[in-house]
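The entries follow the order in which I looked things up.

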Amino acid sequence: EQINKGKYEHYMQKEIHEQPESLTTTMRGRLIRGGSSKRKSVLLGGLKDHLKTIRRSRRIVFIGCGTSYNAALAARPLLEELSGIPVMMEIASDLLDRQAPIYRDDTIIFVSQSGETADTLNALEYALENGALCVGITNTVGSAIARNTHCGVHINAGSEIGVASTKAYTSQIVVMAMVSLAIGADTISSKPRREAIIESLLNLPEMKDLAQSLISEQSLLMFGRGYNYATALEGALKVKEVALMHSEGILAGEMKHGPLALVDENLPIVVIATRDQSFSKQQSVIQQLKARKGRLIVMCTEGDAAAVCGGSGRVIEVPLVVDCLQPVVNIVPLQLLSYHLTVLRGYNVDQPRNLAKSVTTE
Ligand code: G6P
């Protein structure tokens with residue numbers, strides 16, 4: 001069945017704007033608020049019988065490719081915080097190239113929009129052979145990854161047609177936040193934090209207006225850290241894959257170990273400096289980039305523009321949400337930025353040259 005573009009010119013544009021709805025669908029029936037006890041909790045049917053085993057794991061390992069890997073990276077800090085278990089990141093092909101050790105008491109979470117990516121599937125086969133508990137997070141019911149993992153969660157983002165993943169990314173982060181909440185649900189000390197996150201999840205789809213407020217810029221470097229390191233990587237990936245422009249996501253803590261040499265008055269740099277525990281460090285990064293006359297585009301929390309960049313440079317303001325969900329909001333202007341850049345540069349938005357929606361060969 002042909003899914004049409006409605007009032008939009010491209011699927012990517014449609015899918016970016018659909019995110020308030022796709023996030024609602026992702027969360028439907030899974031977040032419980034209120035009741036007589038006023039308890040807030042998460043219900044993930046596909047995981048509930050395995051939570052005890054997951055809590056006893058020695059490590060949790062995320063495996064994915066492309067945007068799915070970036071979504072897992074965005075969710076990692078919260079999973080570590082709420083589970084107290086070390087969380088490792090693996091790009092599927094790299095894990096296989098290294099034949100990296102996997103243990104019986106590992107939980108491996110496979111993240112894949114299509115559920116059919118060859119490298120991720122091969123890594124699943126390898127993890128099964130090594131006796132690990134395998135969890136699938138996919139957008140495709142009945143896909144190979146959904147079928148062959150021991151348990152899992154569907155992200156229910158609806159079909160994604162544009163080759164560059166957008167709404168699946170935000171739904172994947174939200175699902176992994178819910179998985180983190182479910183794994184951490186037996187820890188009494190983190191209850192207030194978990195409840196604050198659930199409340200914030202329920203309010204997320206209100207970011208609607210944000211999608212309209214984009215300023216197009218030709219961006220190359222993107223600096224992020226903490227929760228938003230993944231946002232820098234994913235923003236740069238979008239610019240690369242659809243706008244066919246070189247772009248690099250950089251961990252801001254590594255700035256002085258190389259990237260600073262590139263900074264001059266010509267190279268545009270996006271700095272993600274929304275409010276969280278990394279904020280003061282990002283302020284200092286901005287000062288250092290300004291001292292070298294860097295051409296900055298600063299993403300900051302609404303109302304922070306003057307404080308963060310003192311009136312100079314371009315600013316993208318975004319609404320404040322709880323720290324661990326800020327990547328869901330922050331990626332939207334960067335998705336729109338890559339979309340508009342692509343249209344302006346005259347490239348194919350929905351089918352970038354040389355790329356495929358699902359990579360089913362190595
Ligand atoms: C391809 C797509 C990307 C996607 C990646 C992983 O490269 O173009 O958008 O992120 O595969 O795909 P998956 O279906 O496993 O999430």
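**Entry 1, a loop residue.** I began with leucine 244, which lies in the loop between H10 and strand S9 (248–251); helices (H or I, at least four residues) and strands (E, at least two) are DSSP runs, numbered from the N terminus. I noted that residues are numbered from 1 along each chain as its sequence is written. I also noted that this is a predicted model, in which local features need pLDDT of at least 70, side-chain atom pairs count only at pLDDT 80 or more, and totals for chains, interfaces and linings use all residues. Leucine 244 has a positive phi of about 50° although it is not a glycine, and I reminded myself that most residues other than glycine have a negative phi. With 16 C-beta neighbours inside 10 Å, leucine 244 counts as partly exposed (buried means 20 or more other C-beta atoms within 10 Å of its own, exposed 12 or fewer, partly exposed in between, with C-beta atoms placed from the backbone).

Glutamine 99, in the loop between helix H5 (92–98) and strand S5 (106–112), has a positive phi of about 45° and is not a glycine either. I found 8 other C-beta atoms within 10 Å of glutamine 99, so this residue is exposed.

I looked up tyrosine 347, which is placed in the segment after H13 and touches Val242, Ala243, Leu244, Thr342 and Pro352, leaving aside residues up to four places away in sequence (contact means C-beta atoms, placed from the backbone, within 7 Å). Tyrosine 347 is partly exposed, because 15 other C-beta atoms lie within 10 Å.

Helix H10 (residues 229–243) and helix H13 (residues 326–345) pack at an angle of about 20°, with their axes 9 Å apart; axes are lines fitted to C-alpha atoms, for helices over the stretch in contact, and angles run from 0 to 180 degrees between N-to-C directions. H10 and H13 are therefore roughly parallel to each other (angles under 35 degrees count as roughly parallel, over 145 as roughly antiparallel, 65 to 115 as roughly perpendicular and the rest as oblique). The residues of this contact divide into 9 nonpolar, 6 polar and 3 charged, where Ala, Val, Leu, Ile, Met, Phe, Trp, Tyr, Cys and Pro count as nonpolar, Asp, Glu, Lys and Arg as charged, and the others, Gly among them, as polar.

The axes of helix H4 (residues 66–83) and H8 come within 9 Å and cross at roughly 20°, which makes H4 roughly parallel to H8. Among the residues that meet are Ala71, Ala75 and Leu78 in H4 and Ile173, Met176 and Ala177 in H8.

Which residues have the most contacts inside the largest nonpolar core? In this core of 104 residues, they are Ile108, Phe110, Met176, Ala177, Phe223, Val271 and Val298 (a nonpolar core is a set of buried Ala, Val, Leu, Ile, Met, Phe, Trp, Tyr and Cys residues joined through C-beta atoms within 7 Å). Its largest share, 12 residues, comes from helix H8 (residues 167–183). Valine 271 touches Phe223, Gln282, Val285, Ile286, Leu289, Leu296 and Val298, not counting residues up to four places away in sequence.

Technical notes
Contact = placed C-beta atoms within 7 Å.
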